[in-house]
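Visitor: I'd like to learn how to read a fold like this one. Could you walk me through it?

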Amino acid sequence: MIFIETLVYVVRDGRVLLIRKKRGLGAGYYNGVGGKVEEGEDVVSAAVRECREEVGITPKNLEWMGLLEFWNYEDGRVESVHFVHVFLAREFDGVPRESDEAEPVWFGVNEVPYDNMWSDDVMWLPKVLSGKKVYARFDFDHWRLIGGQVFELVRST
Ligand SMILES: Nc1ncnc2c1[nH]c(=O)n2[C@H]1C[C@H](O)[C@@H](COP(=O)(O)OP(=O)(O)OP(=O)(O)O)O1
């Protein structure tokens with residue numbers, strides 16, 4: 001199975017908005033706001049929709065910060081591949097509120113709870129929060145991280 005997904009990190013006043021995911025894959029972990037891109041939807045529209053659905057806010061002027069690939073293997077075979085577009089939003093409308101999927105929580109950008117997040121996050125999210133664009137690929141065995149590489153993207157002139 002191949003999935004196109006989004007992750008949005010809303011940043012304001014030195015803090016970043018994360019969600020504590022309440023159900024599904026990664027439940028209990030803190031993460032950015034996001035989910036699967038639906039049939040016929042573009043990635044920016046999907047990112048905005050997920051923010052509205054999960055925490056009731058509308059992010060504005062999304063800045064594309066990179067692409068992550070998550071390859072999950074089960075019994076030596078590829079079980080799923082996830083292409084995740086990462087965005088920063090420095091502006092938004094609305095007030096974050098809890099939903100049945102997610103509890104929104106603000107953290108200082110230097111106090112992100114990496115011990116309670118997907119174990120790949122500490123390898124790339126600090127770069128994104130400091131304004132760097134990234135490409136990364138991570139391999140998992142039954143969703144346990146077994147390897148990965150992170151690259152900073154720089155624009156060539
Ligand atoms: N390893 C890792 N690190 C960081 N972020 C993620 C992962 N694996 C992931 O799946 N994710 C992110 C990527 C996506 O933003 C979400 C996936 O959310 P999911 O709940 O599967 O998608 P929804 O569309 O919201 O879910 P349903 O509506 O299908 O329940 O996690």
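This is a predicted model: local features need pLDDT of at least 70, side-chain atom pairs count only at pLDDT 80 or more; totals for chains, interfaces and linings use all residues.

Visitor: Which order do the helices and strands follow along the sequence?

Guide: Start by counting elements: the chain has two helices and eleven strands. Their order is β-β-β-β-α-β-β-β-β-β-α-β-β. The radius of gyration is 15 Å, close to the 15 Å from the globule rule for 157 residues, so the chain is as compact as a globular protein of that length. Of contacts between residues at least 6 apart in sequence, 64% join residues at least 24 apart.

Visitor: And how do I check a helix, say α1?

Guide: Compare its expected span with the distance between its ends. With 13 residues at 1.5 Å a residue, α1 (residues 43-55) should span 18 Å, and its end C-alpha atoms are 18 Å apart, which agrees. Just past α1, G56 has a positive phi of about 70 degrees.

Visitor: Which residues of α1 are buried?

Guide: They are A46, A47, V48, E50, C51, E54 and V55. Their cover includes β1, β2, β4, β5, β7 and β9.

Visitor: Which residues come nearest to the ligand?

Guide: Among the 16 residues around the ligand, E5, G34, G35, K36 and W118 come nearest. β1, β4 and β7 each give two or more residues to that shell. By type, the shell has five nonpolar, seven polar and four charged residues.

Visitor: What does UniProt list for residues 1-130?

Guide: An unreviewed UniProt entry lists "domain: Nudix hydrolase" there. In the model, that span is 17% helix and 48% strand.

How values were computed. Residues are numbered from 1 along each chain as its sequence is written. A residue is near a molecule or strand if its C-beta atom, placed from the backbone, lies within 6 Å of it. Helices (H or I, at least four residues) and strands (E, at least two) are DSSP runs, numbered from the N terminus. Ala, Val, Leu, Ile, Met, Phe, Trp, Tyr, Cys and Pro count as nonpolar, Asp, Glu, Lys and Arg as charged, and the others, Gly among them, as polar. UniProt positions are given in the numbering used here, feature names are shortened, and annotations may be inferred rather than shown by experiment. The expected span of a helix is 1.5 Å times one less than its number of residues. A residue is buried if 20 or more other C-beta atoms lie within 10 Å of its own, exposed if 12 or fewer, and partly exposed in between; C-beta atoms are placed from the backbone. Two residues are in contact if their C-beta atoms, placed from the backbone, lie within 7 Å. The radius of gyration is taken over C-alpha atoms; the globule rule is 2.2 Å times the number of residues to the power 0.38.
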